[in-house]
Amino acid sequence: MVASEAFPFSKTGGLADVASALPKALGRLGHDVTLITPRYRGIDAGPAVDTVRIEMAGRLWEATLHEVPLGPGARVLFLDCPPLYDRPGIYNQDNRDYDDNALRFAFLSAAAVDWQSRQADPVQVIHAHDWQAGLTPIYARRLPPAATIFTVHNLAYQGVFDKAWVPPLGLSWADFTVSGFEFYDRLSFLKAGVTASAVVTTVSPTYAEEVTRPEYGYGFEGVMQAAGPRLVGILNGIDADEWNPSSDAHLPAPYDAADLSGKVLAKRALLEAYGLPVDADALARPVIGMVSRMVDQKGLDLIAALANELPFLDATFTILGTGEPRYQEMWRGLSAWRPDRIGVHVGYDERRAHLIEAGADMFMMPSRYEPCGLNQMYSLRYGTVPVVRAVGGLVDTVRPYSPANGAGTGFLFSDYTPDAFRAALTAALTMFRENRKAWARLQKNGMRKDWSWDRSAAEYVKVYKRVMASRRGTPPRGPRHQKG
Ligand code: ADP
Ligand code: GLC
């Protein structure tokens, strides 16, 4: 497995959760998985177990590999190369990408491929994630026999660089056009991953369909269409140990579907953590939580369009995230305007994220697009009702509430408009106030769902077997979009 971030060592988003939870789940199924990821500043990685030497960009890079166990059958090998990774940021610093990101992440793929080629017990499948690992199948092609699969977590991040990088990264001009990592006369790592891998997966079945359309393809719709039957959607799971209300060390008290009293304590702790009032009125009022990168993808522009109305809704907001300065300012401004109703924390804070999932009554994700989304699944598990846009993985995980039979787990809206979003929020707030019985049912419906990785990991195993079979000359089989 090759990925540029892995929880709990490095994380900017859901990729990190997947990169460590999937190997663990595969390990539990009896497979043997090694994740190769950079050793960024501050990662405590133990002694070196191996060395790689690769020539790139006119110099010989030497790196050590440091092993840390993840669980039965699963381990991380940290790629330690201080000139490339020992920096204050993962991808950027002061809102500016590092100039040598092409080199930093090409090296990650090249090192992973080099390592696997030297294993006495051969690696059967290489699984690379997102543009940072996109060159993996290109480097791997020179060294059979491992087959590569590539997972797209977010098609909007395309790893596009000046084509002058082609020779320094050890790529050939023939590959540039013939294998197709040329993207509008530039080099795209994402395109390399998509075109050169045996199978391409996206992180939900609905997103696998959406990416073939201009609205969600971000210029890659043609590339994704061309992938044809090689494109498969597999829903992410969640780390059921990490996100479990009955054993979550970040909460004041455990709770489960049979006894939600601990959730009330979490609500109180959440309001306190945000310095919001904690009187009887405040405890009775619904809390709407959000944990998110503050970017357009997550619907921040839609929220901005409703900004002046939020303080007058019958709700308290607890917001956590970092992102575009204009959205950080918007939330800070709203909080200064209504400090008793709007709590905002700009920053990255694992404990607070858990407290929001547990202590909030509702969780909002009005995403413009959402390849999978993990927070709505955490919310469901914690009895926190999601209010989400019907897009991507949100469609595959949240079912609309049906007053007729009490089925469903949340509230969805389709049009990306302030009116549609307001209507969904209002419907949720109204049910919370006026029909507590239906609300409790909604919570329990969500809490009973199983989002653990075991199911999704088994889907990946099917794909691995399929690429191994095709590698041996058998034609590929299997459905185009496997439901998670
Ligand atoms: P994306 O990867 O697009 O950002 P996901 O929903 O897949 O969205 O995953 C986001 C992950 O990052 C979740 O585990 C979420 O809890 C976490 N997260 C996002 N922002 C923060 C933050 N400010 N503090 C703590 N955790 C955060
Ligand atoms: C990306 C997507 C998110 C997904 C995550 C993990 O960051 O934006 O929807 O859940 O990857 O696959």
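Trainee: What makes both faces of strand 17 (residues 362-365) count as covered?

Mentor: Met-362 and Met-364 on one side, and Phe-363 and Met-365 on the other, are all buried, where buried means under 20% relative accessible area (1.4 Å probe, protein chains only). Strands here are DSSP runs of E with at least two residues, and helices are runs of H or I with at least four, both numbered from the N terminus. This is a predicted model, in which local features need pLDDT of at least 70 and side-chain atom pairs pLDDT 80 or more, while totals for chains, interfaces and linings use all residues. Residues are numbered from 1 along each chain as its sequence is written, chains are lettered from A and ligands numbered from 1 in written order, and side-chain values use heavy atoms, without hydrogens and water.

Trainee: How do you know that strand 17 pairs with strand 14 and with strand 18?

Mentor: Pairing requires that DSSP finds at least two bridges between the strands; two join strand 14 to strand 17 and four join strand 17 to strand 18 (residues 385-389), so both cases qualify, and both run parallel. Phe-363, for example, has Pro-386 in strand 18 as its bridge partner. The chain passes from strand 17 through helix 15 to strand 18 in a right-handed β-α-β crossover, meaning that, with the strands pointing away from the viewer, the path from the first strand over the helix to the second runs clockwise.

Key: Buried < 20%, exposed > 50% of the residue type's maximum accessible area, 1.4 Å probe, protein only.
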